Amino acid sequence: MERWERMNLSTLSFKILKTPFIIIMIFLFFECGFRIINFGEKGLFQFWNYSPQALNNTSIIENDRDSVLVYRMKRNLNTRYKGVELKTNSEGFRNKEFNITSNKISIAILGRSLSFGSGVKEQFIWPNVLQDKVKNNKNKFEIMNYSVPGYKLNQVIQNYNLNVKKYNPPIIFLPIFLAEWYIPLRKLPNKIENSFVKRWSRPTMYLGHLFVYWAIRRFIKSIGQESLASDWRVKAEVITRNPNEFLFYPDQLKKFVMKLNKDGKKVFLITMPRPEQSLRLITEKIRPQLRDWVKGLQNVEILHLDLSMGGALSKT
């Protein structure tokens, strides 16, 4: 009888553990397959160098004293991030040292992840590709990439005020995401708790190294994604009952561009691509509003990078 009970207990334990075990094995199968196909054997045996880990779970950023900026990239980095080599200059930007005595015309790029080149080799980042292109034009332009991944528009503006304005670049490239047109901005962005203990106590510190985890997370998010409200205050009330904590994206963008105009800057607004189908639909609805919005501004042009990448630029 006792033996029979032990057998039943063993059978029950096996049934309970069987399903999670199968799920984990399938999970690991796809993860290993993805890494081998894209990175070769190094993707498995040096997995820490080929990780999609979120920025706030890494040691490549540091807190900033400014309440709007919140954080910045560490200075003089020489490491790897998302599978590629990552170097920053003495000011914490993924660019060569800025030459303030140069006679070249400076073009400052105030971008985020796509312009920073998260997971992209240095020579393929679009600001660096652009630098190679302008060399053919008597090499009279110098690209200065001030992009920081994860920044919102108000942080981008503060980045300009604190780190870019002192170099007085005459041309500003400002990448924007039209899908964020009606997403409210926090006046003071959430602080990033990035101490060693905080990082290693988060579950995402471990799951974040897996590409399959991020794929599943993106899929779930796309299913439950709500359409963006046409009134940003409605969207703000979903997040908090106090809309006064937020700023309206177009208002902040317009104020910033008008300030740059007043300072004699030539501004190029660059519409950046987003892969999500739902966001692309929203983008196309907002694009005419952007064109009308820009008509009232001086020295401002729109470069539809998202359309040119999709081969649809001739339709605009």
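Which residue in β11 is the bridge partner of I270?

1. Basis. This is a predicted model, in which local features need pLDDT of at least 70, side-chain atom pairs count only at pLDDT 80 or more, and totals for chains, interfaces and linings use all residues. Residues are numbered from 1 along each chain as its sequence is written, and side-chain values use heavy atoms, with hydrogens and water left out.

2. Strand β10. The bridge partner of I270 in β11 is L303. Opposite I270 also stands P175. Strand β10 covers residues 266-271. Helices (H or I, at least four residues) and strands (E, at least two) are DSSP runs, numbered from the N terminus. Strands β7 (residues 171-176) and β10 run parallel, joined by six bridges. Four bridges join β10 to β11 (residues 300-303), and these strands run parallel too. Pairing requires that DSSP finds at least two bridges between two strands. Five of the six residues in β10 are buried. Buried means under 20% relative accessible area, exposed over 50%, and partly exposed in between (1.4 Å probe, protein chains only).

3. The structure holds six salt bridges. The criterion is a side-chain nitrogen of Lys or Arg within 4 Å of a carboxyl oxygen of Asp or Glu. One of the six joins E31 and R35, at 2.7 Å from N to O. E31 and R35 are four residues apart in helix α1 (residues 2-39), so about one helical turn separates them. Both residues are buried.

4. Salt bridges: R75 and E62. These side chains meet at 2.9 Å, N to O. R75 lies in the loop between β2 (71-73) and β3 (78-81), and E62 in strand β1 (residues 61-63), so the pair ties together parts that are 13 residues apart in sequence. R75 is partly exposed at 43% relative accessible area. E62 is partly exposed as well, at 27%.

5. Salt bridges: E91 and K166. The closest N and O atoms of this pair are 3.7 Å apart. The pair links distant parts of the chain, 75 residues apart. E91 sits in the loop between β4 (84-87) and β5 (105-109), K166 in the loop between α5 (153-164) and β7. E91 is buried, with a relative accessible area of 15%. K166 is exposed, at 55%.

6. Nonpolar cores. A core here is a set of buried Ala, Val, Leu, Ile, Met, Phe, Trp, Tyr and Cys residues joined through side-chain atoms within 4.5 Å. The largest has 48 residues, and those with the most contacts inside it are L110, Y146, W181, L253, L269 and W293. Two or more residues come from each of β2, α5, β7, α10 (249-262), β10 and α11 (277-295). A second, separate core of eleven residues includes I143, I171, F173 and F268.

7. L253. Contact means heavy atoms within 4.5 Å. Leaving aside neighbours within four places in sequence, L253 is in contact with L153, L174, I176, W181, L269 and W293.

8. Positive phi. Most residues other than glycine have a negative phi. N168 has phi near 55 degrees. N168 lies in the loop between α5 and β7 and counts as exposed at 53% relative accessibility. Phi of N299 is also near 55 degrees. N299 belongs to the loop between α11 and β11 and is partly exposed, at 43%.
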